[in-house]
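Visitor: Could you take me through a few of the labels used for this model and show what each of them rests on?

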Amino acid sequence: MRLLAVMATFFLLLATPLLAKSPVVGLDGPRAPESLQGHIDYFLEPAGELKPADILALPEAAFSPVTTVSPDFGYTDSTIWLRLSAINTTQDVRSWRIHFRENFKQLLEVHVLSAAGAIKTTYDVGLGDTFHKRPIAYPEMVAPLNLPPGETATILIKYWSQGSSHLAFGFETETSFAARAAARSAKNFLYYGMMIIPLLLASLALAIYRHPVFAAYIGSWLAALLFVMHSDGVTFQYFWPNAPAWNSFASIPLGAGVIILSPNFARVFLNTKVNHPIIDKLLWGVMGLAFAMVVSSAFLDNQTLKKLLVLLSLISVGMCAFSGFVAALTRFKEVRFFVIAWVGFLFAASIMSLRHWIGLEISQDFQNDVIRTVMVVDASLMGLSIADRYNQLRLSRQAAINRRYAEENRNLKLLARLSDLERRFAQESEQLRSRDVASANTLHDLQQPLAALRLSVRALSNNAEQTPIAIDEMEKSFFYIEGLMNAASQQRENKVTLKALEAEEADDATSRFALRKVADSVMQMFLPDATAKGLDLCYFPSRHDTIVSSMEAMRILSNLLSNAIKYTDNGRILFCVRKRGEKLRVEIHDTGRGLSRAEFLKAKERSTRLFQTAEGKDGAGLGLAIVDELARSTGYEVNLLCERSGGLSIGVSFPLAKG
């Protein structure tokens with residue numbers, strides 16, 4: 001019985017090469033991974049305890065053909081057995097290399113069953129084995145194969161991975177592998193050198209300029225370089241050859257490092273904290289999620305984490321590209337190279353994600369070459385983006401200096417005009433106090449606008465970045481006050497009376513303006529005064545407009561808005577224009593003490609002071625009286641809109657222009 005069992009086993013082993021369902025691979029030279037499609041069978045073993053003899057004893061139905069270009073079963077916990085038969089069709093080549101296009105698997109065994117029935121293990125490296133246990137010292141896994149000319153062998157490949165199960169491999173002769181290894185070393189040397197050069201330049205710039213953007217650049221691209229070197233297998237060969245457990249885990253912290261440091265570079269370069277606060281929070285969110293995934297690797301399945309990190313890397317790169325696009329909407333010249341670089345990086349990350357998540361059949365060499373090329377180009381572009389941004393900032397700084405110089409000259413001129421107005425006001429005050437009613441009106445109308453103008457000029461001196469509209473409105477305020485001052489001066493010298501001047505202006509087309517322009521000017525004139533008191537001054541113009549006598553309309557609105565600010569202690573003031581039938585009504589609503597209708601009528605009497613201002617000062621008692629006189633003389637209407645205990649509502653009606 002023992003003899004029969006031995007004979008049965010012997011015949012089984014002899015027949016095994018002929019049992020392969022897939023066709024035999026003919027070795028007449030190097031065979032690329034793509035050429036092996038249709039020649040490989042597989043068997044998935046959940047437990048991972050079977051030996052080569054156990055696999056050879058399995059029925060043929062247990063195996064299935066690999067239908068993809070290269071074996072790829074996604075992220076699986078199963079141990080994978082691959083089987084193929086190869087025949088050496090050359091006349092002189094005996095030494096072959098099975099070249100796996102992977103740097104590391106937690107377990108990889110290669111067993112060769114010769115035609116004579118002998119099983120030889122040519123590669124057996126597990127999770128606890130150092131780099132030096134590899135039979136051929138190379139960053140990627142390489143198994144020797146001794147196959148004499150004309151002989152056929154069955155090759156069993158057993159592997160297990162904590163990451164992707166993709167395993168592209170091909171056959172090389174000893175000579176072709178040496179040439180490939182030399183070309184690969186030269187390519188890596190060129191790539192690493194091209195990556196190190198901008199990192200060294202950035203380090204020099206950091207030492208000179210001490211700007212955090214250089215540190216962020218170094219951290220981002222150093223992490224990316226280490227990740228690619230780890231993917232190439234160079235780190236296991238040269239950095240930590242005696243730490244296989246760390247090498248198995250290193251892709252998680254290195255990948256997370258790229259995910260964390262890339263958005264950080266985007267944050268620093270774009271200054272998202274100031275310029276784009278929402279995007280800044282999103283970038284922080286991506287960085288925090290990557291860090292949390294590294295921490296969770298202590299108790300979660302690393303295989304799942306590696307797959308999730310691939311997706312998160314795409315999200316991270318996408319966020320960096322998106323932040324660049326947003327910044328480009330307002331400052332394209334400063335970020336143009338940054339945007340181009342991240343678009344390229346997004347393309348590379350998309351290829352990696354498609355391969356790992358959708359199973360898109362992309363060769364490992366193509367993926368690595370794309371990533372390397374993109375990273376070299378992007379590293380250069382990022383360096384250019386920093387240099388370009390500094391150049392743009394230098395140009396902007398010079399332009400800002402020129403603007404500041406022009407603004408300082410403008411401010412000096414405004415201050416000189418203000419000083420002249422205040423000097424003239426002091427002179428005219430003494431002359432006008434004892435004169436007629438028109439003189440008293442002029443003096444009253446000068447006080448509050450001059451105080452408001454003083455605040456505006458001081459605000460302009462403290463903050464030179466004022467809009468052209470604000471400057472234009474300030475010019476109108478100067479024009480208004482200077483006009484009143486000239487009128488007072490001419491009256492004092494008995495050249496013309498104020499009434500004659502006003503009549504002359506009424507006949508002059510240049511003295512009539514759109515109500516919208518007058519209201520805008522009054523609003524800008526008194527806005528600093530209201531802001532200084534902590535009042536909320538709201539302005540709502542109307543889409544309708546009409547032509548008014550500019551000086552009278554401005555004096556009326558100035559007095560009313562001045563009173564609203566003067567007698568409002570806190571709260572808000574509403575300054576608006578509304579269409580009411582055939583008239584436009586300017587309304588001023590405040591949250592001050594308010595007036596009854598009887599008090600309102602009494603307040604229109606000259607020198608009538610009903611109560612103190614919010615600051616405890618007595619008013620002149622002329623504001624409403626002047627408004628009433630001006631309105632009646634020009635045909636405008638001033639009305640108390642309603643009686644309120646918590647504020648005052650006054651309206652001035654102007655006829656709408658016909659036609």
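This is a predicted model: local features need pLDDT of at least 70, side-chain atom pairs count only at pLDDT 80 or more; totals for chains, interfaces and linings use all residues.

Visitor: Why is α4 called roughly antiparallel to α7?

Guide: Helix α4 (residues 212-232) packs against α7 at an angle of about 155°, with the axes 8 Å apart. Angles over 145 degrees count as roughly antiparallel, so α4 is roughly antiparallel to α7.

Visitor: What makes the contact of α4 with α7, and how do its residues divide into nonpolar, polar and charged?

Guide: Contact means heavy atoms within 4.5 Å, and the residues that make it include Ala 216, Tyr 217 and Phe 227 of α4 and Leu 254, Leu 261 and Phe 265 of α7. They divide into 14 nonpolar, 8 polar and no charged.

Visitor: Why is Trp 246 counted as partly exposed?

Guide: Buried means under 20% relative accessible area and exposed over 50%, with partly exposed in between (1.4 Å probe, protein chains only); Trp 246 has 36% relative accessibility and therefore counts as partly exposed. This residue lies in helix α6 (residues 244-249), and Trp 246 touches Trp 240 and Pro 253, not counting residues up to four places away in sequence.

Visitor: How many residues of α7 are buried?

Guide: In α7, 16 of the 20 residues are buried, and the helix is mostly covered.

Key
Residues are numbered from 1 along each chain as its sequence is written. Side-chain values use heavy atoms; hydrogens and water are left out. Helices (H or I, at least four residues) and strands (E, at least two) are DSSP runs, numbered from the N terminus. Axes are lines fitted to C-alpha atoms, for helices over the stretch in contact, and angles run from 0 to 180 degrees between N-to-C directions. Angles under 35 degrees count as roughly parallel, over 145 as roughly antiparallel, 65 to 115 as roughly perpendicular and the rest as oblique. Ala, Val, Leu, Ile, Met, Phe, Trp, Tyr, Cys and Pro count as nonpolar, Asp, Glu, Lys and Arg as charged, and the others, Gly among them, as polar.
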